[in-house]
Amino acid sequence: MPESLRVERLWKVFAPPGSSVDTEDPEALSKLEASGGVVAVRDVSFTLERGEFFVIMGLSGSGKSTLIRCLIRLIEPTAGHIFVDGEDITALDRRGLTAFRRRKAAMVFQHYGLLPHKSVIENAAFGLKLRGVPKAERLERAREALERVGLVDWIDRYPSELSGGMRQRVGIARALANDPEILLMDEPFSGLDPLIRRDLQDEFMRLQQELKKTVVFVTHDLNEATRLGDRMAVMRAGEFVQVAAPREILTNPADEYVARFVEGLTQRLDSDPEADVPAALKAGGGDA
């Protein structure tokens with residue numbers, strides 16, 4: 001499969017005002033951290049194939065949300081390179097970055113980000129409006145995206161009339177309407193109750209089978225990660241501790257930290273064959 005996204009030695013350091021940052025100097029980084037600086041992403045590299053679903057997991061403060069925001073420079077990386085289709089995103093000027101965000105990448109956040117004064121279809125079409133797509137075309141594309149997520153009968157409603165799960169579907173439809181190559185999702189289902197969350201996972205799995213987008217998906221929910229991911233990375237203190245298929249991480253954790261991280265799910269898998277874990281993990285075959 002062709003390469004979609006490549007990240008090379010990415011760093012994000014939050015330094016106190018007036019401090020200099022040299023990511024090649026471990027001693028200087030230690031001194032910076034001792035003075036109140038934070039190394040949120042530490043020398044991270046990975047490559048995704050087109051259509052791959054890549055999940056990033058970690059405890060709170062591990063750097064996963066900072067990392068995903070760096071990928072489209074919502075947070076500016078301190079060092080490193082991000083390539084999409086061979087284009088270095090870290091080298092783009094403001095105009096080039098805006099064009100990249102509008103055409104090649106879209107982000108879905110936990111808190112929907114819908115405009116309360118706009119209807120469902122206007123919200124779904126909003127990214128296309130920013131791109132200058134003619135009104136008739138953008139509304140048609142928004143309608144198609146809303147149909148994909150099961151909201152075509154709600155196009156004239158407003159966000160205040162929708163449930164949390166429906167609002168999140170509008171957010172996903174807005175991202176899909178732009179037809180991005182890469183879809184970035186930062187804990188998009190974490191604020192929902194378990195039944196709605198499960199339904200949205202199922203819906204998104206169906207959409208991914210159909211659309212085959214390259215997806216980077218941040219979650220703290222191990223069951224969600226193993227259901228959705230082709231591969232997953234476990235983060236700690238800004239670094240990738242292990243990157244592998246879900247079953248490999250569950251059965252062969254790289255160290256004690258990863259073992260503790262996956263312990264709850266592996267115990268359920270061992271003790272209850274009917275536990276709510278992905279079928280591929282229950283069966284002992286292939287990757288989830």
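Visitor: How many residues line the largest pocket, and which of them lie nearest its centre?
Guide: The lining has 19 residues, and Arg101, Ala106, Met107, Leu130 and Asn178 lie nearest the centre of the largest pocket. This is a predicted model, in which local features need pLDDT of at least 70, side-chain atom pairs count only at pLDDT 80 or more, and totals for chains, interfaces and linings use all residues. Residues are numbered from 1 along each chain as its sequence is written, and side-chain values use heavy atoms, with hydrogens and water left out.

Visitor: What makes a space a pocket, and what makes it a cavity?
Guide: On a 1 Å grid over the protein atoms alone, a pocket is an open set of points with protein on both sides within 12 Å along at least five of seven lines, while a cavity is a set where a 1.4 Å probe fits but cannot get out; lining residues have an atom within 4 Å of a point. The largest pocket holds about 500 Å³ of space (the space filled by probe spheres set on points joined across faces, edges and corners). Helix H3 (94-103), strand S6 (105-108), helix H5 (126-130) and H7 each give two or more residues to its lining (helices are DSSP runs of H or I with at least four residues, strands runs of E with at least two, numbered from the N terminus).

Visitor: How do the residues of the lining of the largest cavity divide by class?
Guide: Into eight nonpolar, no polar and no charged (Ala, Val, Leu, Ile, Met, Phe, Trp, Tyr, Cys and Pro count as nonpolar, Asp, Glu, Lys and Arg as charged, the others, Gly among them, as polar). Leu5, Leu71, Ile72, Val84, Phe100, Ala105, Ile182 and Leu184 line that cavity, with about 40 Å³ of space. For the largest pocket, the division is 10 nonpolar, five polar and four charged.

Visitor: Why is H6 called oblique to H7?
Guide: The axes of H6 (residues 135-148) and H7 (residues 164-177) cross at roughly 130° and come within 8 Å (axes are lines fitted to C-alpha atoms, for helices over the stretch in contact, with angles from 0 to 180 degrees between N-to-C directions). Angles under 35 degrees count as roughly parallel, over 145 as roughly antiparallel, 65 to 115 as roughly perpendicular and the rest as oblique, so H6 is oblique to H7. Arg141, Ala142, Ala145 and Leu146 of H6 meet Ala173, Leu176 and Ala177 of H7 (contact means heavy atoms within 4.5 Å).

Visitor: What makes H7 roughly parallel to H8?
Guide: Their axes cross at roughly 20° and come within 11 Å, H8 spanning residues 194-211. That angle makes H7 roughly parallel to H8. The contact includes Ile172 and Leu176 of H7 and Phe204 and Leu207 of H8; its residues divide into seven nonpolar, two polar and two charged.

Visitor: Where is Asp179 placed, and which residues does Asp179 touch?
Guide: Asp179 is in the loop between H7 and strand S7 (182-186). Leaving aside residues up to four places away in sequence, Asp179 touches Arg103, Arg141 and Lys213.
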